[in-house]
Amino acid sequence: MPFLELLWRTLWFLGVGLHGLLTLVAIKRGFQRVYPVFACYISWVTIVGVALLYMDYAPSVKGNEYFVAYIVALVTGSAARFAIVYEIFKHILNRYPALSRSGTLLFRLVTVALLGLVIVLAKLSPPAGSDPLMSTVSLLETTVDIVLVGLLLFLFAFSGLFSLSWRSHAFGIALGLGIFGTVSLSTSAIRAQLQPTAPNQMTNITNVINEGAYVICALIWLGYLLATERPRQTPTPPKHDLGTWNQELQRFLHR
Amino acid sequence: MTTAIVLVVLSAIVLILLIRVAADQYLSPKASDDPAEKIRFVDIEAFRNLIDPAEADYLRNQLPAHEFRKIHRERLRAAVEYVRYAAQNAALLLKIAETARYSSEPATAQAAEKLLDNAIRLRLYAFEMIPRLYVAMLVPRHGLPTMRVADRYEQMTRQIILLGVKFPVSGNL
């Protein structure tokens, strides 16, 4: 077995194992009560990861059966990642009720704009490769990653614009997703372009990068899950000033 | 191949941005990062003058058309700067209130929550006003509806001045 193949297979095992550990830690810490979609996602990724590993090594499983399982994992995983981004956004908005309406509206507008963009890109991209099914899958992976990365960028830009602070868990989840999404976007774009018909050096390299990102993402989430949440430290003004400032602001807002 | 290269470059840029954001999130604030020291003073009288429709009408009547358009643009550009400073001050307020909302004293925490909410609204007003001012720069007649929010904005700048009194003020406009 070539070194690169051995490496990505090792990273694949490691990634699945880390997601399993992540699920256990998340459940033990009651994370499912605060971030239920994220908790479901990591559990699902673990189950699917184990199933795909088994199918890859079991001699009785045929190629097309593995392919169907891979597509199911891809579609459900992508849908769950979008749901996680929305869950994080809702968490941020819940802490800032003044932004609830405008924030939700903006999120929807950005999602529609990104969907429009990927539809146009998909229409414009020339057909590559000889297998139409593989072409479709590659295109689907690329478009899903573009929308995901776009939404995460919006999330960071939106909170930056309003100087909103993140709870460290929400930030960790978004950071992990962002790293995974950007790396996955690069590799899926390369694959969509080159369309290999059989495993080769290029597929091994992209697999190593993808599985590496999968492991890094799990490690980031694990680190944030194990860390205690703390608000950012900024100097505190004398407490009586807060009431005065707020009165002035209210005079302005309710005039 | 061009699409793939563009996507790879874009994802690399986003990845670098994410790593920088993550690093910033956990860098401990320096003494110079004290929000109170960054609050800017906004001259309310000057701002009122800049967005006063009567003042604009007076200038329109006194000056040749091309001269008026030039001066009108400059005045509104200055108004945009004032709004930007006020929005920056609101962002600083947010940071201060964010810390205070975790206070063990319920009264302080409650006051901070209210302040946080109002500071966000204030920033929303500012973001709404800036594009309107730019439109007014391009279409001088379009400026009038924008000026209707001037009274509200005046209150906001007063509030910022109050902050300037409470905290050491630097970087005056």
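**Entry 1: the elements**

I begin with a term: a helix here is a DSSP run of H or I with at least four residues, a strand is a run of E with at least two, and both are numbered from the N terminus. I also note that this is a predicted model. With that in hand, I read chain B from its N terminus and find the order α-α-α-α-α-α-α. Its secondary structure amounts to 7 helices and 0 strands. Chain A has 9 helices and 0 strands, and along its sequence the pattern is α-α-α-α-α-α-α-α-α.

**Entry 2: confidence**

Where in chain A is confidence lowest? I find that in helix α9 (residues 239–253), where the mean is 56. Helix α3 (residues 36–57) of chain A has the highest value, 94. Where pLDDT is low, the predicted coordinates should not be read in detail.

**Entry 3: burial and contacts**

In chain A, 35% of the 255 residues are buried; in chain B, 32% of the 173 residues are. I then took the contacts in chain A with a separation of 6 or more, and 79% of them involve residues 24 or more positions apart. For chain B, 74% of the contacts between residues at least 6 apart join residues at least 24 apart.

**Entry 4: helix α1 of chain A**

I wanted to know whether the length of helix α1 (residues 3–28) of chain A fits its residue count. At 1.5 Å a residue, its 26 residues should span 38 Å, and the end C-alpha atoms are 37 Å apart, so the two agree. Its buried residues include A:Trp8, A:Leu11, A:Trp12 and A:Gly15. What covers the buried residues of this helix? I find α2 (31–34), α3 and α8 (201–226) of chain A among the elements that do. After α1(A) comes A:Gly30, with a positive phi near 70°.

**Entry 5: A:Glu211**

I moved on to A:Glu211, which sits in helix α8 of chain A. Is A:Glu211 buried or exposed? I count it as buried because it has 20 C-beta neighbours inside 10 Å. Setting aside neighbours within four places in sequence, A:Glu211 contacts A:Trp8, A:Leu11, A:Trp12 and A:Gly15. A:Glu211 and A:Trp12 are 199 residues apart in sequence, yet their C-alpha atoms are 5.6 Å apart in space.

**Entry 6: a helix pair in chain A**

Next I looked at helix α4 (residues 63–95) and helix α6 (residues 132–161) of chain A. Their axes come within 11 Å and cross at roughly 10°. The two are therefore roughly parallel to each other. Among the residues that make the contact are A:Phe82, A:Val85 and A:Ile88 of α4(A), and A:Val144, A:Leu148 and A:Leu152 of α6(A).

**Entry 7: the nonpolar core**

Last, I looked up the largest nonpolar core, which has 85 residues. Those with the most contacts inside it include A:Val85 and A:Ile88, both of which I met in the contact of α4(A) with α6(A). From chain B, B:Ala90, B:Ala97 and B:Ala119 are also among them. Which helix gives the most to this core? I find that helix α4 (residues 65–100) of chain B does, with 15 residues. Not counting residues up to four places away in sequence, B:Ala90 touches B:Ala119, B:Leu122, B:Arg123 and B:Ala126.

Note on methods. Residues are numbered from 1 along each chain as its sequence is written. Chains are lettered from A and ligands numbered from 1 in the order in which they are written. This is a predicted model: local features need pLDDT of at least 70, side-chain atom pairs count only at pLDDT 80 or more; totals for chains, interfaces and linings use all residues. A nonpolar core is a set of buried Ala, Val, Leu, Ile, Met, Phe, Trp, Tyr and Cys residues joined through C-beta atoms within 7 Å. A residue is buried if 20 or more other C-beta atoms lie within 10 Å of its own, exposed if 12 or fewer, and partly exposed in between; C-beta atoms are placed from the backbone. Two residues are in contact if their C-beta atoms, placed from the backbone, lie within 7 Å. pLDDT is the predictor's confidence in each residue, from 0 to 100. The expected span of a helix is 1.5 Å times one less than its number of residues. Axes are lines fitted to C-alpha atoms, for helices over the stretch in contact, and angles run from 0 to 180 degrees between N-to-C directions. Angles under 35 degrees count as roughly parallel, over 145 as roughly antiparallel, 65 to 115 as roughly perpendicular and the rest as oblique.
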